[in-house]
Amino acid sequence: MSRVGLIWAQTPAGVIGVDNAIPWRVPEDMAHFRTVTADHPVLMGRRTWDSLPAKFRPLPGRRNIVITRQADWSAPGAERAESISGAIALAAADTVWIMGGGEIYREAMDYATDLMVTDIDADIAGDVYAPAIDGDWTVEDAPWQVSRSGLRYRIRRFARDSAPAVAR
């Protein structure tokens, strides 16, 4: 069974994005993302892929799998999957990381064994929200820190032994 991790940053209101972009800058969180996902497949929706700056597509050091229902979609350095379960199967890895967006996160919660959530201590308006974290999770909280950008943040890790009702 694969470990399926979801990784995102959110405000106290659960905002994760606005206008297909991250509405804050916390370089330490970006470095954390690179460290956590290095050498693992990353799964993302097509809009998340499109939101990445061209110079970072595909994300280096990772297998990039894009989930889209568009049968004719392709991009250099990316593999296409039609569903989350299809993307997980295609990755065929011990650990995969799902990196957005909102719709993909909500659908992927049924597969998740790990959540890596950065709390951003700011009131920022947005149009995309994190999924609810329901169920039986073990939580590890790191202390609050101040980013060099001036924002307060902390990284929380949620884990459970297996996903709730998804056969693999």
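1. Two strands are called paired here if DSSP finds at least two bridges between them, and the strands themselves (E, at least two residues), like the helices (H or I, at least four), are DSSP runs numbered from the N terminus. On that basis β7 and β11 pair in the antiparallel sense over seven bridges, and within this pairing V117 has R156 of β11 as its bridge partner.

2. Some notes on provenance belong here. The model is predicted, so that local features need pLDDT of at least 70 and side-chain atom pairs count only at pLDDT 80 or more, whereas totals for chains, interfaces and linings use all residues. Residues are numbered from 1 along each chain as its sequence is written, and side-chain values use heavy atoms, with hydrogens and water left out.

3. Strand β9 (residues 138-141) pairs with β11 in the antiparallel sense over four bridges, with E140 standing opposite R157. Strand β10 (residues 145-146) also runs antiparallel to β11 and is joined to it by two bridges, V146 having R152 as its bridge partner. β10 and β11 form a hairpin with five residues between them, and G150 in that turn has a positive phi of about 100 degrees.

4. Helix α1 (residues 27-37) contributes P27, D29, H32, F33, V36 and T37 as buried residues, where buried means under 20% relative accessible area, exposed over 50%, and partly exposed in between (1.4 Å probe, protein chains only). The cover over these buried residues includes β1 (3-10), β3 (42-45), β6 (95-98), β7 (114-120) and β11 (152-159). Just after α1, D39 takes a positive phi of about 70 degrees.

5. Residue A9 lies in strand β1 and is buried, at a relative accessible area of 12%. Setting aside neighbours within four places in sequence, A9 is in contact (heavy atoms within 4.5 Å) with V15, I16, W24, D29, T118 and I120.

6. R57 and P58 are joined by a cis peptide bond with omega of about -10 degrees, P58 being placed in the loop between α2 (46-51) and β4 (64-67). The bond from G100 to G101 is also cis, with omega near 0 degrees, and G101 is placed in the loop between β6 and α4 (102-108).

7. In the loop between β2 (15-17) and α1, D19 has a positive phi of about 50 degrees although it is not a glycine, and it counts as exposed at 65% relative accessibility. N20, placed in the loop between β2 and α1, has a positive phi of about 60 degrees, again without being a glycine, and is partly exposed at 43%.
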